[in-house]
Amino acid sequence: DELIAQENVEFGHGASRAKADRAVYQATNGLLTLTGNPTWKIDEGEGRSQFLIMEPKTRLIHAQGNVLFRFVNVMTNALGLTFPESSSGTNAAARRSVDLLISADALRSKPGSAIFVNNVRVTSPQEPGNEIVCGVLAAFSEDRGNKLDELRAEDNVRIRQGQLEATGHRALYLVSKGTIELTGDARTGAPRIVRQGQTYVADSFI
């Protein structure tokens, strides 16, 4: 009915891997509960949290408490709004590989999608001056693999790229294009961008 493992626990199922101080496997529902600062790796990337529930057969994951997830080798043009300091040359639009770090209070994921909830922050080690902050973030990958396709942010969205700051209610980040569409709503009002002391307001920005 139940298996309990303690001390240096390592778990593997297909491409999924996890480590923790303690694990409880319930045979009746196939759920694996890991505690003691568990870490894990799946096709989309790797993460850590204070509490983790995995359903190995369906690859469902529920992580809670100081969640940090890393999408590895994401191919993109940029992280942030397309307001380049200089548009000269072709290298500005060159695609490159970056890691995306997403921290949150909780995470629910399944193959192809992940939902991050509360105090969400998106950063990249390769682009330390850029970040996205919001209340809820949905990440979608193509073909159940590690190709991150888009990020959808909602609830008090704030975007920073160097000296540029933008706020709105929703933001759609198309990873392969490196662009973000920022919109507002009746409650929060129109989105706005502040750059070098100038403020821009519109129904939407791309």
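**Stop 1: E150 and R152**

Select E150. With 12% relative accessibility, E150 counts as buried, because buried means under 20% relative accessible area, exposed over 50%, and partly exposed in between (1.4 Å probe, protein chains only). R152 is partly exposed, at a relative accessible area of 44%. The two residues form a salt bridge, with the closest N and O atoms 2.5 Å apart. A salt bridge here is a side-chain nitrogen of Lys or Arg within 4 Å of a carboxyl oxygen of Asp or Glu. Side chains of opposite charge can pair when their charged atoms come close.

Before moving on, note what you are viewing. This is a predicted model, in which local features need pLDDT of at least 70, side-chain atom pairs count only at pLDDT 80 or more, and totals for chains, interfaces and linings use all residues. Residues are numbered from 1 along each chain as its sequence is written, and side-chain values use heavy atoms, with hydrogens and water left out.

**Stop 2: the whole chain**

Zoom out and colour by secondary structure. The protein chain has 16 strands and zero helices. Both are DSSP runs, numbered from the N terminus: helices are H or I with at least four residues, strands are E with at least two. Of the 206 residues in the protein chain, 40% are buried. The chain exposes about 11,200 Å², and carbon and sulfur atoms supply 47% of that. Accessible areas come from the Shrake-Rupley method with a 1.4 Å probe; for residues, only the protein chains shown count as cover. Take contacts between residues at least 6 apart in sequence: 41% of them join residues at least 24 apart. Contact means heavy atoms within 4.5 Å.

**Stop 3**

The structure holds seven salt bridges. Select D99 and R70 for another one of them. Their closest N and O atoms are 3.1 Å apart. The pair links distant parts of the chain: D99 sits in strand β8 (residues 96-110) and R70 in strand β7, 29 residues apart. D99 counts as buried at 12% relative accessibility. R70 counts as partly exposed at 27%. Salt bridges that share partners join E46, R70 and D99 into one network.

**Stop 4: S124**

Keep D99 on screen and select S124. Which backbone oxygen does the side chain of S124 reach? That of D99, at 2.9 Å. S124 lies in the loop between β9 (113-123) and β10 (130-142). At 4% relative accessibility, S124 counts as buried. Now show Q126. The side chains of S124 and Q126 are joined by a polar contact of 3.0 Å. A polar contact is a pair of N or O atoms within 3.5 Å; within protein, one must be able to donate a hydrogen and the other to accept it, and residues adjacent in sequence count only if both atoms are side-chain atoms.

**Stop 5: R121 and E131**

R121 and E131 meet through their side chains in a salt bridge (2.7 Å, N to O). R121 lies in strand β9 and E131 in strand β10, so the pair ties together parts that are 10 residues apart in sequence. Buried or partly exposed: which is R121? R121 counts as partly exposed, at 39% relative accessibility. E131 counts as buried, at 9%.

**Stop 6: the aromatic rings**

A search of the whole structure finds three aromatic pairs. Select F69 and F116: their ring centres are 6.5 Å apart and their planes lie at 55°, so the pair is tilted. F69 is in strand β7 (residues 60-76) and F116 in strand β9, 47 residues apart. Rings of Phe, Tyr and Trp (its six-membered ring) pair if their centres lie within 6.5 Å; planes under 30 degrees apart count as stacked, over 60 as edge-to-face and the rest as tilted. F69 is buried at 4% relative accessible area, and F116 is buried at 0%. W40, F69, F71 and F116 form one aromatic cluster.

**Stop 7: strand β14**

Finish at residues 192-195, strand β14. I193 and R195 make up its covered face, R192 and V194 its uncovered one. Strand β12 (residues 164-174) pairs with β14 in the antiparallel sense over four bridges. Two strands pair if DSSP finds at least two bridges between them. Look for A166, which stands opposite I193 in β14. Then show strand β15 (residues 198-201), which also pairs with β14 in the antiparallel sense over four bridges. Here V194 stands opposite T199 in β15. β14 and β15 form a hairpin with two residues between them. Select Q196 in the turn: its phi is positive, about 50°.
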